[in-house]
Amino acid sequence: MAARVPPASAAEPHEGSARLSGEQISAINRFPDDNPNPVLRVDGDGHLIYANPASAGVLKALGIVVGERLPADELARLEAVAPERGSVDLMADGRTYAVWPIPIPDLGFTNLYGQDVTAERAIVKFPDENPNPVMRIDWDGRLAYANPASTGLVAGLGLEIGSCLAAGLRDAILEQARAGERATVEVEAGGLTYKLLPVAVPGFGFINVYGTDVTAEKEHQRLARENERLLLSILPEPIAQRLRDGEPLIADRFDDVTLLFADIVEFTRLSSSLSPSELVGVLNEVFTVFDELVERHGLEKVKTIGDAYMVVGGMPERSDDHTVRVAAMALDLAECVGRIEAARRLGIAFRIGIHCGPVVAGVIGTKKFIYDVWGDTVNLASRMESLGVPGRVQVTHAVKERLDGAFQCEARGLIDVKGKGPTATWFVVGRSDPASAAAGHAEMGGAGMDRAGAGLAGAERAVAAGVERAAPLGPPASRPVPSRPLA
């Protein structure tokens, strides 16, 4: 700053004041008046002799008007930075102004050039106080700054100030910053999961990277997925959604479904010869195959009851071909189970029964609940299995009529069904013709086996697999029946 003289009133000329003519002053002032940034002028005595219209904020920060002398402490700050062309910060009404003093010795005054740097100062100051990680990288991908909350993230990424981000992470952050779409990049660091939001800061040559620790959120999502998986292992998806939607009582009537019961022959004898772990292991292997077939044929598993397995077609989503798909699954069972080493070794065979008709379905209970079905159709399907023949698929006349043309059925004759009396039953032995087999193969994604002209081949394969064959007529020997609704 120029040398000062003792203070005097603003209205009086001062020894240190610039000696300018009116024309000179007019010419000098013409340009600053149009400048959108603050421009002020201080004479050698420290009095403010000019301020353009954009200087209102700086004047408020200084607490003076044109003609008054600058506060002594502010004059001292300006004099200290002037030789290095430095600046001082002045603040008023939440705004920050950088002011650069530029002495003009020939004219005897100092120009003060100001700029509103509120945003820039906020960028610099705010991250240090942010409880979340904030990093700053340049466009070469080098770390230029990291706030205190970034310590774990920076260490987990193996970074330090001046080092470059790993190529994959660097490229992802730079790509998102250029795109400007505010998309996040997910990283693992120090055993935690972070989402990083890159935001380019135009005019400053760097990218702010805002981090959020989402470890707890990811764990919550994982648990939610696990809960969803467990829920869908118990209930069909449409029923699960109705429960999630808060439906208090789920009860539906279905006018036409097809039910299949499959039961392991002589399970009590088998269970007595195996250890608990061996028994459960075999059942798990076999019923896992059942589950895969249910999925493949677009059916719905209702439940397992001990060694019995219950499947339904045509619910909860209705369809027109559910009986055909249930029959196709039944024929696939013998072949698939026959490929399980433990099943072949132990001679595991199934009785399978199928019936179709109306049922009532609903969710029972609030703990360990189940989606179950009831009605005469359930009872008769269960009887088709329990009064069936090992290794064969026994169906009612109603099912046989629906399978005509697509499957070969062999008449078994009349059997005595409790509550029904003599009832005509049939065995499903294979598909009817190559065209039907090919269609079924395509429909099931290659899973349906070509049984064209098979006749009794299904039964013969069962024998080859070590399946116990019973007499073709008459009920099997008396045995316990699983706990199911029976007539």
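Where is R85 found?

R85 is found in the loop between α3 (72-81) and β3 (88-92). Helices here are DSSP runs of H or I with at least four residues, strands are runs of E with at least two, and both are numbered from the N terminus. This is a predicted model, where local features need pLDDT of at least 70, side-chain atom pairs count only at pLDDT 80 or more, and totals for chains, interfaces and linings use all residues. Residues are numbered from 1 along each chain as its sequence is written, and side-chain values use heavy atoms, with hydrogens and water left out.

Most residues other than glycine have a negative phi, and most peptide bonds are trans. R85 has a positive phi, near 55°, and counts as exposed because its relative accessibility is 55% (exposed is over 50% relative accessible area, with a 1.4 Å probe and protein chains only). D93 also has a phi near 55°; this residue sits in the loop between β3 and β4 (95-104) and, at 62% relative accessibility, is exposed.

As for the peptide bonds, the one joining M315 and P316 is cis, with omega about -5°. P316 lies in the loop between β13 (308-313) and α11 (322-338).

## How α10 meets α11

Helix α10 (residues 276-296) packs against α11 at an angle of about 145°, with the axes 10 Å apart. Those axes are lines fitted to C-alpha atoms over the stretch in contact, and angles run from 0 to 180 degrees between N-to-C directions. On the α10 side, the contact (heavy atoms within 4.5 Å) is made by V286, V289, F290, L293 and V294. From α11 come M329, D332, L333, C336 and V337.

How values were computed:
Buried means under 20% relative accessible area, exposed over 50%, partly exposed in between (1.4 Å probe, protein chains only).
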